[in-house]
Amino acid sequence: MRIEGKGRIDRGNKISFRFDGRDHHGFAADTLASALMAEGVRLMGRSFKYHRPRGVLTLGSEEPNALVTVGRGLAADPNTRATMQEIYEGLEARSQNRWPSLDFDLMGVNDLAAPFLGAGFYYKTFMWPKAFWEKLYEPVIRRAAGLGALSGKADGERCDKAFAFCDVLVIGGGPAGLMAALSAAQAGADVILCEEENGLGGRLRYEDEEIGGGRAHLWADDMAERLAAMENVRIMTRTAVTGAFDQGTFGALQRVSHHLAKPGKRPRETFWRIAAKRAVLCAGALERHIAFRDNDRPGVMMAGALRGYLNRFGTVPGRNVAVFGNNSDAHRTARDLAQAGVNVVALIDSRHDAENLAGDVPFYPGAQVVRGLGRKGLDGIVLRLPNGREERFAVQALGVSGGWNPSVHLTCHMNGRPVWDERLLAFVPKDGAVPGMRVAGAARGRFSTAECLKEGADAGLEAAKALGFSGDLPRVPDAEAGRYRIGRLMAVAGKGRAWLDFQNDVTVKDVKQAAAENFRSVEHMKRYTTQGMATDQGKSSNVLALAVLADATGREIPETGTTTFRPPYTPVAIAALGAGAEGKGFAPERLTTSDESTRARGAPMIEAGLWYRPSYFPRAGEETWRDSCDREVRMVRENVGVCDVSTLGKIALQGRDVGAFLDFVYANTFSTLKPGRVRYGIMLREDGHVMDDGTTARLSETSWVLTTTTAAAGQVVRHLDWVRQAFCPNMDVRFVSETEQWAQFAVAGPKARELVNDLLDTPIDGEVFPFMACAERQICGVKGRLFRISFSGEHAYEVAVPARYGASLFGLLADRAEAMGGGAYGMEALNVLRIEKGHITHAEIHGRTTAFDIGFQRMLSGKKEFIGKALAARPGLLEESREQLVGLRALKPEQPLPAGGHLFETDAEPIRENDLGYITSTCFSPTLGETRALAFLRNGRARHGDRIRMVDHLRDQVTWCEVTDPVAFDPEGGRLRD
Amino acid sequence: MRITCPICGERDRREFYYQGAASMLDRPDPDADGQVWSDYLHLRDNPAGLTRELWYHEAGCGAWLIVERNTVTHEIIGTELVEAADAD
């Protein structure tokens with residue numbers, strides 16, 4: 001119900017929304033929780049395990065009970081805390097974890113079975129038979145338990161990510177945070193002020209008190225305006241700082257459009273990464289409750305929340321209200337309620353020596369609430385008086401305060417441990433727990449407004465000064481300076497179930513049982529009972545559970561310790577953390593300059609790393625990819641083919657010492673290479689295994705171009721940078737990747753020169769341009785590069801032009817090749833051509849093979865030092881029994897030799913012990929008319945001509961084959977020299 | 001985590017590639033004993049405390065850095081270029 005004259009809402013602005021299919025009304029500035037409370041709705045959810053009816057407990061993000069799903073379908077947001085959801089016209093919310101309805105939940109039967117469902121129930125019960133877990137128990141439990149559900153559809157891109165930088169990050173916009181931001185900003189620091197709620201003020205928005213002679217919440221509004229007007233202050237509301245990380249990095253979740261009826265193109269949430277040179281934590285404090293029998297009835301809530309709903313929203317959950325606490329702050333709730341005209345039936349303070357600070361309300365010092373009455377809503381409480389007598393009161397609402405816990409969470413994210421304060425009966429942060437972060441105000445256990453203002457001002461200025469700024473402390477206004485007093489009461493003794501963790505349904509008895517079963521460590525107790533493991537992470541219950549465990553094990557709380565607070569402080573959707581990394585954001589597309597033309601020719605594309613390359617170019621009448629592939633292979637062998645090879649890494653090197661540098665990074669020698677010539681090289685890792693291979697061209701005395709495989713382009717640049725910077729600092733050599741600056745096309749086949757000459761401004765012949773020649777040439781009037789190199793084994797060239805001419809050159813080459821009886825060819829044909837020639841790719845140099853293994857041992861120069869030389873000479877890497885590169889041909893020509901298949905002697909059982917090697921690459925060779933493969937075979941070079949058996953256990957294939965030289969076609973290489 | 005590249009300034013760690021211990025800089029002589037080479041390749045200290053590591057500013061200037069870091073607190077004590085400034 002709404003109290004006349006109370007609340008800071010806009011009563012002139014009525015808003016309608018729906019909850020569980022019913023129409024409701026609230027006012028602008030209401031949250032879903034406050035609006036429902038005003039309409040008399042107390043039941044807002046069902047608990048996780050026992051499906052107990054639950055009402056709202058808090059007014060912040062720590063809310064464990066009032067979780068709802070907002071919206072429908074793809075736009076549905078499950079597990080939204082009703083306390084944080086601002087209402088808007090047309091808002092639609094539904095309760096969760098109930099069936100068929102919130103009011104009548106069939107799974108409530110779990111509550112009757114509660115005696116059997118205590119701590120460790122699942123561990124003890126569903127042990128066997130083992131197979132039942134996956135098929136029966138888990139699915140059933142998952143359906144019965146749990147929170148709201150996602151739509152099950154791809155989320156789209158409804159979240160965003162962003163980065164921010166500042167001198168001083170102020171976390172929390174309450175009295176301490178406002179003063180911290182002001183003093184740091186006045187000193188000249190760039191300040192970001194993050195506040196989880198939709199406006200600044202923190203607790204001041206929920207209190208009835210004065211600052212500097214005026215209303216405290218209005219002072220906060222003034223401060224917000226003042227800060228917003230400063231150029232060096234950025235205020236981020238609805239932004240919860242969720243984690244503190246190394247070197248001043250913070251994660252923060254901004255709720256961008258949850259509160260908007262029409263979000264438009266705005267993201268739902270933005271995940272921020274904020275880099276701050278200094279931080280001031282002003283996160284305030286969170287109230288905890290007290291465990292007593294049936295303390296979870298809807299209508300029982302935190303005392304601070306009860307008065308917050310009254311002061312900010314003008315709502316109370318019922319006409320007759322009681323307040324139960326163990327500390328002085330609870331009295332403020334009774335005071336505010338009474339002053340607002342609400343019937344305060346009792347103020348109960350467990351401290352015998354407590355003084356009544358609430359004014360004219362019935363006061364029961366030394367008493368305790370032993371039971372809550374009612375089922376779907378509180379209708380009474382039972383009080384135990386100091387003399388032991390019990391008394392019943394009819395109330396619809398009970399405010400409970402078990403004390404306040406400083407919000408130390410962020411101070412623990414870098415392994416800091418909070419310290420137990422016996423005076424506050426709470427954990428307080430340890431100084432310096434996060435480098436560069438100060439803690440001020442209630443987060444440090446300074447609970448009065450006056451202390452918060454002063455501490456915030458000090459901390460903000462100190463943070464700025466540490467960065468070299470200077471300034472004076474701003475004037476700190478007068479404010480509430482009451483002293484906080486608390487007496488120890490965590491759980492009221494008595495029978496029945498007293499709840500600790502509302503969200504995960506953990507009772508005092510469960511914690512005691514855990515202790516009795518020797519789960520005495522707080523971390524073990526937590527996992528055995530699930531205490532604090534729900535989305536609220538036990539913010540209002542962990543300390544109670546620790547205290548119960550401490551009592552049950554005869555220890556003090558500091559000895560018992562606390563569980564570890566880890567990021568995030570509040571739940572963060574995976575979609576927000578991964579914003580921008582879905583689909584193509586995760587794997588961006590790299591397209592070659594021929595991409596458009598290639599797709600227009602109907603080529604299916606395959607991925608090569610992030611690149612997309614054509615698989616084959618289908619022509620009319622071709623029914624399978626093999627038809628096209630075989631035709632393309634024949635085309636190259638008999639005529640001419642064109643293939644985009646721009647994806648290969650291209651590194652331009654310049655300097656007097658490039659030759660010497662390449663001698664050091666390559667196993668073979670490059671310094672002897674003459675300008676105008678190209679040489680093939682292999683590069684080893686320091687451990688002696690092959691890293692990459694490719695050709696390097698020397699265009700002039702001091703200018704070189706090195707190519708890498710497509711797959712290893714990045715790795716090779718990194719490696720070259722490493723070798724040069726670490727070991728060759730005095731060499732005159734500089735290099736840069738120019739992979740994307742050049743479009744490069746292979747032109748291969750007997751008619752290759754004819755086609756190339758068609759486009760060259762000055763034609764070439766075999767004399768001026770022999771095999772392995774290179775030069776800068778004018779190509780159709782454009783300055784480009786020409787290399788006479790061949791991966792296909794045919795007379796071939798690679799023609800390179802600046803990338804902007806790539807599309808047009810590819811079009812020209814492909815069209816003219818077609819006119820000559822050839823055409824473009826794709827990756828399938830390229831692969832067949834190179835397998836026929838025994839050329840290796842990363843299928844062969846896969847990281848576990850050496851130059852010895854692939855038959856390139858003779859390339860390792862004995863005359864110079866190079867990376868990998870010493871360790872490639874280890875005896876174990878040079879044994880003849882190693883698996884060596886061989887060719888294989890199927891004895892029945894069409895039988896497959898699948899890559900991944902293993903090799904065995906013809907008479908050996910195909911088991912691991914008899915394994916002789918494996919196939920790395922395979923194809924049907926139209927040139928040779930048989931299935932060919934490259935493989936690694938033990939002692940393989942000595943076995944050419946032998947028959948062995950290939951067994952592919954996965955595809956259930958057995959193929960008899962003959963071991964051959966890896967080079968199956970044109971072993972003398974006459975074709976490429978023609 | 002943030003690392004200060006001596007060339008580019010302080011940057012997010014996602015711009016960097018992590019390699020491993022800075023002992024990779026102490027490359028043995030070509031004719032050193034096989035055991036020396038093997039130790040160079042395989043043996044690494046695993047300190048709880050100060051450590052010197054190699055990072056590569058891959059999404060930046062391409063500089064290799066030696067980063068001195070505390071493995072317990074994650075504090076970065078300092079960064080320097082692998083290629084000494086006066087090398088050439």
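User: Two residues are in contact if their C-beta atoms, placed from the backbone, lie within 7 Å. Which elements of chain A do the buried residues of α17(A) pack against?

Analyst: This is a predicted model. Helix α17 of chain A covers residues 658-665 and is mostly covered, with 7 of its 8 residues buried. Those buried residues are Val658(A), Gly659(A), Phe661(A), Leu662(A), Asp663(A), Phe664(A) and Val665(A). In chain A they pack against β34 (649-654), β35 (677-684), β36 (690-698), β37 (703-708) and α18 (713-727).

User: What radius of gyration does chain A have?

Analyst: The C-alpha trace of chain A spans about 110 × 70 × 55 Å along its principal axes. For a compact globule of 978 residues, the radius of gyration would be near 30 Å.

User: Among contacts in chain A between residues at least 6 apart in sequence, what share joins residues at least 24 apart?

Analyst: Chain A holds 23 helices and 49 strands. Of its 978 residues, 53% are buried. Among its contacts between residues at least 6 apart in sequence, the share that joins residues at least 24 apart is 66%.

User: Which strands are the edge strands of the open sheet of 5 strands in chain A?

Analyst: The open sheet in chain A has the order β17-β24-β18-β19-β20, with parallel pairing. From one strand to the next, the twist averages 20°. An edge strand here pairs on one side only, and the two that do so in chain A are β17 (300-302) and β20 (363-365).

User: Which residue of β24(A) stands opposite Val300(A)?

Analyst: β17(A) is paired with β24(A), residues 397-401, in the parallel sense over 3 bridges. Within this pairing, Val300(A) faces a residue of β24(A), namely Leu398(A).

User: At about what angle does helix α8 of chain A run to β19(A)?

Analyst: Helix α8 of chain A takes in residues 329-339. It lies across three strands of chain A, β18 (320-325), β19 (343-349) and β24. Its direction relative to β19(A) is given by an angle of about 170°.

User: Why does Asn295(A) count as buried?

Analyst: Asn295(A) sits in the loop between β16 (285-287) and β17 of chain A. Leaving aside residues up to four places away in sequence, Asn295(A) touches His289(A), Val300(A), Gly372(A), Val400(A), Ala498(A) and Trp499(A). A residue is buried if 20 or more other C-beta atoms lie within 10 Å of its own. Asn295(A) counts as buried because its C-beta neighbours inside 10 Å number 27.

User: How far apart in space are Asn295(A) and Gly436(A), C-alpha to C-alpha?

Analyst: In sequence, 141 residues separate Asn295(A) from Gly436(A). In space, C-alpha to C-alpha, the separation is 41 Å.

User: Which residue in the turn between β40(A) and β41(A) has a positive phi?

Analyst: Strands β40 (774-779) and β41 (782-787) of chain A run antiparallel and are joined by 6 bridges. Gln778(A) has Lys783(A) in β41(A) as its bridge partner. The two strands form a hairpin with 2 residues between them. The turn residue with a positive phi, of about 50°, is Cys780(A).

User: Which residue of β42(A) stands opposite Leu786(A)?

Analyst: β41(A) also pairs with β42 (796-802) of chain A, in the antiparallel sense, over 3 bridges. Opposite Leu786(A), β42(A) places Val799(A).

User: What pattern does chain B follow along its sequence?

Analyst: Chain B has 88 residues, of which 15% count as buried. Its C-alpha trace spans about 40 × 35 × 20 Å along the principal axes. There are 1 helix and 6 strands in chain B. Read along the sequence, their pattern is β-β-β-α-β-β-β.

User: How many nonpolar residues are on the side of chain B that touches chain A?

Analyst: In the contact between the chains, 21 residues of chain B meet 22 residues of chain A. On the chain B side, helix α1 (34-42) gives the most, with 3 residues. By class, that side has 3 polar and 6 charged residues, and its nonpolar residues number 12.

User: What ipTM does the predictor give the complex?

Analyst: Chain B has a mean pLDDT of 93, and 95% of its residues reach 70 or more. For the complex, the predictor gives a pTM of 0.91 and an ipTM of 0.97.

Conventions:
Residues numbered from 1 in each chain as written. Chains lettered and ligands numbered in written order. Predicted model: local features only at pLDDT ≥ 70, side-chain atom pairs only at ≥ 80, totals over all residues. Pairing = 2+ DSSP bridges. Helix = DSSP H or I, 4+ residues; strand = E, 2+ residues; numbered from the N terminus. Axes fitted to C-alpha atoms, helices over the stretch in contact; angles between N-to-C directions. Rg over C-alpha atoms; globule rule 2.2 N^0.38 Å. Buried ≥ 20, exposed ≤ 12 C-beta atoms within 10 Å, placed from the backbone. Nonpolar A, V, L, I, M, F, W, Y, C, P; charged D, E, K, R; others polar. pLDDT = per-residue confidence, 0-100.
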